[in-house]
Every structure is written in C-alpha cells, then in structure tokens.
Amino acid sequence: MIFDRRKIAPDGGTMDAVVDQELGLLPGWDLSDLYNGADDPAVEQDMVNAQTAAEAFAKRYRGTLGDLNAPELLTAIQTLEDIYNRLGKVISFAQLSTATDKLDPQLAGFEQNMMERYAGIAGELVFFDLEFAALDDAIINRWQADPAVSRYAGWFRRIRGSKPYQLSEELERFINEARSTSGDAWSRLFDETMAAMEFRLDGEIINNAQAFERLSDPSPETRQAAAKEIGRVLGNNARVLTMIMNMRVKAKETEDRWRTYQRPVSSRNRANDVEDRVVDALAKTVTEAFPRLSHRYFAIKAKWMGKDKLAHWDRNAPLPETDTRKVPWEAAKADVLAAYEDFDPRMAALGAEFFDNPWIDVPPRSNKYGGAFAHPTVTSVHPYLMLNYQGRVRDVMTLAHELGHGVHQLLARQQGEILADTPLTVAETASVFGEMLTFQRLLAQTVDPVLRKVMIAGKVEDMLNTVVRQIAFHNFETRVHDARKAGELTNQDMCEIWLDIQREALGPVFEFDEEYKHYWSYIPHFIHTPFYVYAYAFGDCLVNSLYAIYQAHPEGFADKYFALLSAGGSQRYDQLLAPFGLDATDPGFWHKGLAMIDALIDQLETMD
C-alpha cells in the first residue's frame with residue numbers, strides 16, 4: 001500500500017484518512033461526538049457528576065428499595081441509567097482512543113485512570129443488585145403491575161437470578177475495584193504486547209493485522225513465510241503470553257469458586273442469559289460434526305490444490321481460480337448497502353448513517369488494534385465501527401458483519417441504557433445475517449461456474465471459521481481452564497492442548513509445523529472475554545435457521561426481524577426466537593443450523 005494521509009475533518013478526535021492507490025480513500029473516525037480529546041473539560045465534568053449522582057443514589061436508596069412504590073422505583077432506574085450513560089460515554093471514548101494506537105502511553109494512562117475511577121464510582125451502586133435480589137416476590141409483582149416498570153421485567157429476572165452467586169457488598173466492591181489491576185490489567189498487557197510485535201517480511205516491518213492478512217495470499221511461498229514469521233514472533237513472546245493466560249484463567253477460577261460456579265463456562269452462560277445445557281448441546285453437536293464439515297471440506301480443498309496434505313498456512317489460501325483483484329472501499333460500501341437494501345430499505349438507511357458520518361475507522365495502521373469490532377458506546381450517542389480494510393472479499397464480508405452489529409446497536413438503543421445491551425446469544429445475529437445477505441447478493445450476480453464455485457468455497461470457509469473454529473476455541477478454553485485448576489500450565493502444556501484441538505477440528509488432511517503450536521496465544525477473546533467464542537457459532541447456526549425461514553416465507557419476515565433487533569436485552573433468546581418458530585433448547589435446532597453448511601459442501605462436491 002502507498003499511503004497519503006490527510007485529515008477528513010478539523011475537529012478533535014479525528015483520525016487521519018488514508019488514500020490507497022488501489023482501494024481509494026479509507027476514512028477515519030471522528031470521536032468528537034463523545035469528547036474532543038482526553039483533556040476535554042467535559043470528561044472530568046461527567047466523571048464528577050457521575051460520582052456525585054452515585055453517592056446521592058446510595059444515600060437515598062440503600063436499605064429502602066422494598067419501601068418504594070412503582071413511580072419511585074422508575075425514578076431510581078432512570079437515575080441509574082443516567083449514571084451508566086455518563087460513565088459509559090467516558091469509558092467508550094477512552095477505549096476507542098486507544099484502539100487506534102495501543103502503544104501511546106498518554107492514551108493508555110488515560111484509559112487506565114478512567115477505568116479505575118469508573119470502578120470506584122460503580123462500587124457505590126453495588127448495593128442495588130444485592131438488595132434487589134433479596135426482595136420478596138410480592139414486592140416485585142406489585143411493581144410490575146405498572147406498565148412503565150414492567151418493561152424492565154427481564155432485567156429484574158436477571159438480577160434476581162444472580163442471587164445464588166452474589167457475595168457480600170464489601171467483597172463485591174472489592175472485586176469491582178480490583179478488576180482494573182487484575183483481569184483488565186492482563187487484557188491491557190496482552191493488547192500492548194500484541195501491538196508492539198513487529199513482523200519482518202520481504203524486507204519490511206509490518207504489524208500483526210498485515211502479517212495475518214498474508215496467510216490468504218495466493219502465493220504459497222508468501223503464506224509460508226508469513227506463517228513461519230508469525231510463529232517465530234509469537235514464540236519469542238511465549239513467556240509473557242503464557243503468563244498472561246495463566247493469570248487470566250486463575251483470576252477467573254478464583255472468582256468463580258467464591259461465587260460457587262461449578263464450571264468455568266457457567267458464569268459466561270449466566271451473563272448471556274442461557275442455560276449450560278443449551279451451550280453444551282451446541283458444542284457437542286458441532287464437535288461431532290467436524291468430520292462431515294471441516295474434515296470433508298478441507299479434503300476437497302486439498303484435491304483442488306493438487307495436494308495430499310495441507311499445511312496450516314493453506315487453511316485460508318485462495319483457490320487457484322480465485323479472483324485476487326482488490327475491492328475498492330467505495331465498491332465494498334455500495335455492495336453491502338445494496339444487499340441491505342434488497343432485504344429492507346430500513347436496514348440500508350440505518351447502515352448508510354455510518355458512511356454519511358465519520359463513524360468508521362477503516363485503514364490498517366501501525367499500533368492499531370488488529371481485526372475489527374463494533375462498539376455500541378452509549379444510547380445517547382451512536383456506535384462506532386473499526387476495521388482493518390485491505391480490499392479482500394473477506395474484508396467486504398467483515399464490513400457487512402460489523403455494519404450489521406452497528407444497525408443492531410442503533411435499533412436497540414431505543415430500549416435505554418439498561419436494556420439496550422444484547423446478550424451474546426443473539427448479539428451475533430445481525431452481523432452474521434448481514435454477511436449472509438451480502439454473500440447471497442454477490443453470488444446471484446455471478447454467472448461464471450468457476451467463480452461461483454470459488455465464492456461458495458469462500459463462504460463455506462467463513463462459516464467453518466465461524467462455527468468449527470470457534471467451537472474448537474471453546475473446546476481449547478474448556479481444557480485449559482480445567483487443567484489450570486491443578487496448577488500453572490507451561491507454554492508446552494498450552495501448545496499441546498492447542499495442537500490436539502486443531503487436529504480434532506481440522507482433520508487428518510492437515511500437517512502442523514513447529515511454529516503453529518504458538519498460535520493459541522494471539523486469540524484476544526481468551527483474555528478479554530473468556531468463553532465469548534461460542535457466541536459466534538451460536539449466531540451462525542441461528543442465522544442459518546433464520547435465513548432458511550426468510551427464503552421459504554419472506555412475507556412479514558423483515559418486521560419480525562426488526563422487532564428481534566429492536567428488543568436489545570429486554571427479552572431472552574427463547575422469547576426472541578419464538579415468533580420464528582425456533583427453539584434453541586431443542587438439540588435438533590443446531591442440526592438445522594449446520595445443515596446449510598452441509599448443503600454448500602454437497603454443492604462443492606458436485607462441482608468438483
């Protein structure tokens with residue numbers, strides 16, 4: 001890439017745009033809708049106001065919740081939402097600021113300071129959940145007779161469901177404040193370690209996003225060189241990355257033990273408002289399907305590539321017939337919005353807001369967070385999207401994915417600060433559905449049978465990465481967390497578990513070299529949000545089922561779909577799926593979700 005940097009707006013918080021000769025203008029985001037900078041007086045004012053409001057809230061309501069009538073409770077809830085909004089706005093700004101430069105010490109210090117102050121202020125509010133969970137059912141029922149209060153029924157249920165796992169107020173406050181120097185600190189160290197890594201390829205120094213992008217290069221020599229260099233750099237950082245993983249897992253085990261969770265995944269499941277047995281059924285069904293999904297597909301791919309065995313750097317290799325032309329940013333934007341428009345103009349209009357406003361940071365940069373994400377910020381502002389766009393078709397699908405998140409977050413914010421947050425069980429629905437819409441549109445426009453085969457193969461690989469790979473990650477986490485209970489794990493312990501899981505997931509056609517054993521250590525979800533990864537598989541299987549329903553019965557589907565997204569976290573996953581006739585507690589549900597991947601692989605076999 002040849003870069004020409006220029007500002008897209010003079011306001012504070014604006015990132016430089018990048019002009020790429022192949023991809024065009026890659027815009028940066030403008031965070032001034034949050035604040036004009038870390039030194040903006042509004043940051044300090046919001047933190048002071050939140051502190052004052054939290055102290056007043058505790059003084060007014062501690063020990064008196066059961067005496068409130070419904071309107072008084074509603075006032076208390078609205079006060080909480082205002083406090084959360086102020087705090088969330090500051091923390092969102094701090095997190096987004098560091099995402100584009102993980103090695104800036106001033107930004108890192110600003111984020112850490114805000115997180116520590118956030119923890120102290122939030123500690124003033126800990127009593128609310130503890131006292132609320134202990135109230136008699138009669139009081140809750142009396143409140144919920146008021147329609148204005150009853151809309152929070154799902155939130156009430158989640159709070160009261162946490163009672164068996166709650167600790168004393170003193171311990172809850174201690175855990176809350178200690179996170180900034182325990183779990184969150186390990187996450188920060190991980191991010192800064194990854195951002196500082198330098199990969200030397202073809203005589204230049206590149207960052208991790210660019211290095212991993214070369215694993216999809218058409219040249220096997222380029223892929224191999226990138227794979228070897230990634231493994232070398234990860235291996236050179238093995239000591240610190242192994243320590244981070246050990247400490248993160250132990251910290252979770254300690255808190256889980258005090259809260260009496262029986263299994264490492266259970267606390268995440270409760271946060272996701274889903275039963276252990278549902279997640280167990282998902283993991284079991286997908287794991288049992290490895291042979292007919294990933295094993296079968298990669299055997300086909302090896303044959304297409306003229307190989308008996310695949311190296312791990314061949315996993316995302318383009319097929320020989322793949323069109324390797326880069327997709328300019330404007331073309332990617334047009335394709336995704338057109339796919340959204342085909343489904344429903346409302347969806348395209350919401351998606352267009354992210355392009356009409358500086359809400360997306362697009363280009364890869366040194367020290368920038370790798371990968372992509374959508375940050376909902378707070379309901380009084382708007383979401384922001386971050387990409388590392390490099391012009392591949394996969395990058396177009398990533399745009400469709402993150403834009404789906406953004407649309408979901410815009411729709412859900414009408415629920416207010418407490419109810420807008422969507423559990424992970426349905427948080428990937430809009431993103432994966434957006435990908436599917438984009439894929440189907442591009443496929444329908446492709447008449448060349450060779451290119452259609454390549455597109456279908458690419459979609460199968462994306463789905464395998466979303467379902468098989470993420471459940472393999474889940475299985476890896478489960479084994480590591482279980483093994484860690486007996487004591488600290490060595491780097492070799494983790495590497496062996498990783499290789500065992502990868503052989504199980506990818507099948508006998510793959511050969512893994514020495515460097516690949518270190519690849520477990522770059523997965524950020526293991527550190528940031530343990531056991532997050534199954535949500536991707538959950539979302540993909542869910543969307544496959546939803547899309548099948550949409551194809552069979554398109555009439556009225558969009559309205560039900562928008563109602564699902566607009567609900568945010570106000571309803572459980574089972575309530576949200578009921579209008580579509582779907583039941584995730586039925587083991588057969590997961591088989592339906594995997595059937596689409598099966599069918600696409602069947603198509604590829606006939607094309608072969």
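Thirteen residues, given as 13 in the count, line the largest cavity, and Arg315, Leu464, Asn465, Arg469 and Leu506 lie nearest its centre. A cavity is a set of points, on a 1 Å grid over the protein atoms alone, where a 1.4 Å probe fits but cannot get out, and lining residues have an atom within 4 Å of a point. Helix H15 (291–304), helix H21 (449–466), helix H22 (468–484) and helix H23 (491–506) are the elements that give two or more residues to this lining. Helices (H or I, at least four residues) and strands (E, at least two) are DSSP runs, numbered from the N terminus.

The model is predicted: local features need pLDDT of at least 70, side-chain atom pairs count only at pLDDT 80 or more, and totals for chains, interfaces and linings use all residues. Residues are numbered from 1 along each chain as its sequence is written, and side-chain values use heavy atoms, with hydrogens and water left out.

The volume of the largest cavity is about 90 Å³, and the structure holds four cavities of 30 Å³ or more. Volume here is the space filled by probe spheres set on the points, with grid points joined across faces, edges and corners. The lining of the largest cavity divides into six nonpolar, four polar and three charged residues.

Elsewhere, three strands form an open sheet of mixed pairing, in the order E7-E9-E8. Strand E7 (360–361) and strand E8 (373–375) are the edge strands, each pairing on one side only. Two strands pair if DSSP finds at least two bridges between them. E7 and strand E9 (residues 384–386) pair in the parallel sense over two bridges, and Asp361 stands opposite Met386 in E9.

Methods: 1 Å grid on protein atoms, 1.4 Å probe; cavity = no way out; pocket = protein on both sides within 12 Å on 5 of 7 lines; lining within 4 Å. Nonpolar A, V, L, I, M, F, W, Y, C, P; charged D, E, K, R; others polar.
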